[in-house]
Amino acid sequence: MRSPRRCSRNGCPRQAVATLTYVYNESTAVVGPLAAFAEPHTYDLCEPHARSLTAPRGWDVVRHEGEFEPPPPTTDDLVALAGAVREAARPVAPRPPEDDHGPATTTPPTGRRGHLRVIPPTH
């Protein structure tokens with residue numbers, strides 16, 4: 001399940017409700033409602049930081065005039081949670097029985113853990 005986006009300011013634990021974007025060619029900082037997706041060159045801000053933002057000298061600040069509200073929960077969160085529960089509940093495939101009189105196959109078995117694979121040495 002996806003956690004809510006947090007304020008980009010260092011040390012701020014609050015939930016983001018606004019997005020800051022710089023328009024460099026117009027020397028403008030734009031603070032608007034929280035964008036649907038986090039973009040590489042934008043900053044998510046909590047309400048106190050969005051309201052108190054100042055720009056460098058010579059720059060303009062364009063600020064959203066309405067209320068900043070946290071985004072509503074999306075169905076993606078519920079779908080992701082349901083998928084994780086289904087994956088965890090999926091039964092594990094049974095292993096083939098080993099014969100007491102010798103190995104079941106001619107090739108040695110390989111072990112797998114995540115993205116790593118253990119291959120036994122050949123004799």
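**View 1. Aromatic pairs across the structure.** The whole structure of this predicted model holds four aromatic pairs. Rings of Phe, Tyr and Trp (its six-membered ring) pair if their centres lie within 6.5 Å; planes under 30 degrees apart count as stacked, over 60 as edge-to-face and the rest as tilted. Tyrosine 22 and tyrosine 24 make a tilted pair, with 5.9 Å centre to centre and 35° between the planes. Tyrosine 22 is partly exposed at 27% relative accessibility, and tyrosine 24 is exposed at 59%. Here buried means under 20% relative accessible area, exposed over 50%, and partly exposed in between (1.4 Å probe, protein chains only).

**View 2. Tyrosine 22 and tryptophan 59.** Their ring centres lie 5.9 Å apart and their planes stand at 85°, so this pair is edge-to-face. The pair links distant parts of the chain. Tyrosine 22 is in strand 1, and tryptophan 59 is in the loop between helix 1 and strand 4 (60–63), 37 residues apart. Helices (H or I, at least four residues) and strands (E, at least two) are DSSP runs, numbered from the N terminus. Tryptophan 59 is partly exposed, with a relative accessible area of 24%. Ring pairs join Tyr22, Tyr24, Tyr43 and Trp59 into a cluster.

**View 3. Aspartate 44 and arginine 5.** A search of the whole structure gives two salt bridges. A salt bridge is a side-chain nitrogen of Lys or Arg within 4 Å of a carboxyl oxygen of Asp or Glu. In one, the side chains of aspartate 44 and arginine 5 meet at 2.8 Å, N to O. Aspartate 44 lies in strand 3 (residues 42–45) and arginine 5 in the segment before strand 1 (18–23), so the pair ties together parts 39 residues apart in sequence. Aspartate 44 is buried, at 7% relative accessible area. Arginine 5 is partly exposed, at 22%.

**View 4. The surroundings of aspartate 44.** Leaving out residues up to four places away in sequence, aspartate 44 touches Arg5, Arg6, Cys7, Ser8, Ala16, Ala18, Thr19, Leu34 and Ala38. Contact means heavy atoms within 4.5 Å.

**View 5. Arginine 51 and glutamate 47.** These side chains meet in a salt bridge (3.5 Å, N to O). Both residues lie in helix 1 (residues 47–52), four residues apart, about one turn of the helix. Arginine 51 is partly exposed at 33% relative accessibility. Glutamate 47 is partly exposed too, at 29%.

**Notes.** Residues are numbered from 1 along each chain as its sequence is written, and side-chain values use heavy atoms, with hydrogens and water left out. In this predicted model, local features need pLDDT of at least 70 and side-chain atom pairs count only at pLDDT 80 or more, while totals for chains, interfaces and linings use all residues.
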